[in-house]
Each structure stands twice: as structure tokens, then as C-alpha cells.
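This report goes through selected local features of one protein model. The sequence and the structure come first, and the text follows them.

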Amino acid sequence: MAHEILIVDDEPDIRALIEGILSDEGYETRVAQNSDTALAAFRARRPSLVILDIWLQNSRLDGLGILEAMHREEPQVPVVMISGHGTIETAVQAIQQGAYDFIEKPFKSDRLLLIAERALEAARLKRENSELKLRAGAETELIGHSSQISQLRSAIERVAPTGSRVLISGPAGVGKEVAARMIHARSRRSHEPFVALNCATLNPARFEEELFGVESSSDPQAPPRRAGVLERAHGGTLLLDEVADMPLETQGKIVRALQEQGFERVGGATRVKVDVRVIATTNRDLSAEIAAGRFREDLYYRLAVVPLRVPPLRERREDVPVLARYFMARSAGTSGVPARELSEDVLAAMQAYDWPGNVRQLRNLVDWLLIMAPGGPGEPIRPEMLPPEVGSAAPAALKLDRSSEIMTLPLREARELFERQYLEAQLLRFGGNISRTANFVGMERSALHRKLKFLGVQAEDRASLA
């Protein structure tokens, strides 16, 4: 979307001149002639940039006073000061108070455009840096080669550029926020803010303040106006994480805000207009929540324009090895500890586990293994090094040596026991894909089918889904 620039000058000709220069370059503009109209416009909707004259006739505050008020409320909005009577001292004072730059009148249009472009770019970089610090380590890609994740990535590629609202469902820890960040990164809003509000951890009494912000009071000792997440996400994307935990009263107000693309701050009466794409996530069945009277049906239909589902890890076991290796490399790079090799049998053991905590649990386990698993950096991690709850789920062929048991059996029964356990492990390793399992073990697909049937091994042929 186009950047919106607020122009504050008491001379109509200057306002019209600047507005024309910026409009010709594709910027959206608003104008104000004094401090009251300027601050009202600034508070009604945050601009991307303010171009502000220092000397204003018939104005309660001069440009420096307006700069101070704007910077106190929204320090991330860049302000470029202009003046026809400027001095070095005035320019220095403006910069010290937070202005991005200072331009003397008369100015050339090329210089105005250059400084505006630089100010917008500096603000973008500063915002991105703040978000990176806030969300250090946040994942931005869905890792895996399974058909479920491939289909989800394909759906994200289709919906991301459209601007439609998206509802992402799935159990805790599967990567719903990762999917939301992927949508934002591939959208036309990718250079604008991505703001997340975790509805599950927020105090219900503070929901509306966090969503809509708080209006400033006439009391000079009162806190200044505070923008809510809807306002901070203007032009970008707002993630309502675990939206089912939002109080019913607030649900009604967010419905109206989504419908009108505007709202009033808590304690205020001014309508704030915003342009925000909303993505919501939930680990609950919202149909059941609606039936139980805990979630508004009208909000559901406003959020679920495009519903997406992130599958639990147990439904895409073939992704476990690539995820585990990815987390091992990332954890080693973050901690400064040499990465450990994950042996094939330990990866198969991991694939056999159901992962109730999903991808988040797998990531935590790999972090634990890097630090706590016995042995040196060059020694592979083996199944016996896994925590009991994970290692106990491993196929029998991957557990302790069973040679003593095998030695008590006739050759045919021993061979069948080994083959059964071996093929069960390989099927787990390849997520039940018969074709990939057959290729790895060196058998024809039809022969593997017959062998599995003979051994009594249940297998779903997922070759067509790969």
C-alpha cells in the first residue's frame, strides 16, 4: 500500500505544492494548517511520515511544540521539519527533539522526495530491527517435505497476496504463528508491521486497551495516549493468536472494528481509521465454541474467509528427521556448541513417537539432547540417549540388543521377527510411504506389499500422496 504523509503548513500554496509533488510520486497525503488540526489528524490515523513547518500562524503550538507532542506519543513516526526562516540553531534543536531532518524553503522537489524516501526507509529498518529483537529466533518457514506441509505451503502462496483474512487452526505447538508469518512475508504488506496479540496469555480486563489503545487525558500528569495493536499494525498484519480466548464482549467490538476498519480508543471519542489485515489462530474447535456460546458466529465468519489447518506432527512423521536436523543445526549455532549427529535409528525412534507437544516439543528435545546427551561432540546420538517417554515408543528393532531372544528361535521365526521389526521401523521412517520404503530396502513395491501382508504388518499405502 502507498505510504501516507501528513503535511502541516499554514500557507495553502505550500501545502498544495508539497501535496502535488508527493502525489505525483504515488504517496497518499493529508494536510493540516495548525497544531490542533495536525494533532487531530495524527491521532485519528498514524501517518507514515510528517512534513512539518516550524513557524505556523494562528496556531496554539509552533512546529517544535507539535514535534514534541507527536514524538512523545509515536516516536517511531519520522518527522521532517521545513522552514523559510530557519537557522542552524533551529535545525539542531529540531534534530535533538527527534526530527529526522530539516529542509529550508524554498526547496527543490528532488531534495524533498529524496529526504522523504530516506526517512521512510529509516523508519522501516528501525521497525524491522525492533521486531527482530522482540521476536529473536521466530521461525518464518514451515520445514518439511510431507504432502500435508507441501499442500499447506501451496495454500499460503495462493492466499498471501490476496489480502483476505485467514483463520489458522491446529493443536498447540504445530507452527500456526509460523504459517501466519509466512502469509505476511509473502503478502503485499510484507514491508509493513507484523503485530501479534496472544489472546491466551492476556488478562481479560486489558483486552480492549491492548486492542484499541488508550486515549490521552486532559490531566497533564496522566500517561500520554497509547496506541493499541490495531493502530500499530496499520498498513500491515495483525495476528490474533488463540482467538478463542478473547472475551465475548471484546469479540463484539472487534467485529465492528473489522467491519468498519475503524474504532475508538478506550476513553476516547475520535474514530481511528486503520487498514489492517487480520490473521487469527486457534487450537480449539470454533464450531463447538459457537454452539457452547463462547464464541460469536459473526466473528468466526469474518475471520475464516480462508481457513487453513496446520497438521500435528504425528500426521506427518516423515518430516521428523528434517525438522530434527534443522533444530540441531540452529541450536548449535545459537549456543556455540558443536552440532551432534542424529543417527538413523534415533531418527526412526523419534518418528515412532506421537509428539503431543508437536514441533515445539521436538525443538525442545533437540535442544536438550545437544546439551545433555552423553558422549563427545563427535559421537552420534543413539536411541538409548533419548528420554524414556520418547525412547519407549521406538520399534523393537531399535531398542536394546535382542540377540539372546533371537538365539532361542528357529531360523525361520528369527528371520520373520527381524523382518517384521525392520520393516515396521522403515515404514515409520518414510511416513508409511510404500514406494519410498520399497526403494530404500531394495524390493519391488508389489513384493513389499506381499511381504508386509505375510508378516501381518499393517501399512497404509501413501505413495499417491507423496
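## Terms and basis

A residue is called buried under 20% relative accessible area, exposed over 50%, and partly exposed in between, with a 1.4 Å probe and protein chains only. This is a predicted model, in which local features need pLDDT of at least 70 and side-chain atom pairs count only at pLDDT 80 or more, while totals for chains, interfaces and linings use all residues. Residues are numbered from 1 along each chain as its sequence is written, and side-chain values use heavy atoms, with hydrogens and water left out.

Trp 368 has a relative accessible area of 37%, so it counts as partly exposed. The residue belongs to helix α15, residues 358–372. Helices here are DSSP runs of H or I with at least four residues, strands are runs of E with at least two, and both are numbered from the N terminus.

Together with Ile 371 and Met 372, Trp 368 makes up a nonpolar surface patch with about 340 Å² of accessible area. Accessible areas come from the Shrake-Rupley method with a 1.4 Å probe, and for residues only the protein chains shown count as cover. Patch members have over 30% relative accessible area and no salt bridge; like charges are joined within 9 Å, and nonpolar side chains (Val, Leu, Ile, Met, Phe, Trp, Tyr) within 5 Å. Not counting residues up to four places away in sequence, Trp 368 touches Ala 373, Met 385 and Pro 387, where contact means heavy atoms within 4.5 Å.

## Glu 73

Glu 73 lies in helix α3, which covers residues 63–73. Its relative accessible area is 9%, so Glu 73 is buried. With neighbours within four places in sequence set aside, Glu 73 contacts Phe 42, Arg 43 and Arg 225. The C-alpha atoms of Glu 73 and Arg 226 are separated by 6.9 Å, although the two residues are 153 residues apart along the chain.

## Packing of α19 and α20

Two packed helices are described by the angle between their axes and the distance between the axes. For helix α19 (residues 434–441) and helix α20 (residues 445–455), the angle is about 100 degrees and the axes are 9 Å apart. Axes are lines fitted to C-alpha atoms, for helices over the stretch in contact, and angles run from 0 to 180 degrees between N-to-C directions.

The pair α19 and α20 is therefore roughly perpendicular. Angles of 65 to 115 degrees count as roughly perpendicular, under 35 as roughly parallel, over 145 as roughly antiparallel, and the rest as oblique. On the α19 side the contacts involve Ile 434, Ser 435, Thr 437 and Ala 438, which meet Arg 445, Leu 448, His 449 and Leu 452 in α20.

## Backbone exceptions

Most residues other than glycine have a negative phi, and most peptide bonds are trans. The peptide bond between Lys 105 and Pro 106 is cis, with omega about -10 degrees. Pro 106 sits in the loop between β5 (101–104) and α5 (109–134).

Glu 242 is not a glycine, yet its phi is positive, near 55 degrees. Glu 242 is in the loop between β8 (237–241) and α10 (248–260), and it is buried at a relative accessible area of 10%. Gln 261 also has a positive phi, about 50 degrees, without being a glycine. Gln 261 is located in the loop between α10 and β9 (262–264), and is partly exposed at 23% relative accessibility.

## Salt bridges

A salt bridge is a side-chain nitrogen of Lys or Arg within 4 Å of a carboxyl oxygen of Asp or Glu. By this rule there are 32 salt bridges. One of them joins Arg 60 and Asp 36 at 2.9 Å, N to O. This pair links distant parts of the chain, 24 residues apart: Arg 60 is in the loop between β3 (49–53) and α3, and Asp 36 is in helix α2 (residues 35–44). Arg 60 is exposed at 56% relative accessibility, whereas Asp 36 is partly exposed at 44%.

In another salt bridge, the closest N and O atoms of Asp 345 and Arg 382 are 2.6 Å apart. Here too distant parts of the chain are linked, 37 residues apart: Asp 345 is in helix α14 (residues 344–352), and Arg 382 is in the loop between α15 and α16 (388–391). Asp 345 is buried, with a relative accessible area of 17%, and Arg 382 is partly exposed at 33%. Elsewhere, salt bridges with shared partners join Asp 9, Glu 11, Asp 53 and Lys 105 into one network.
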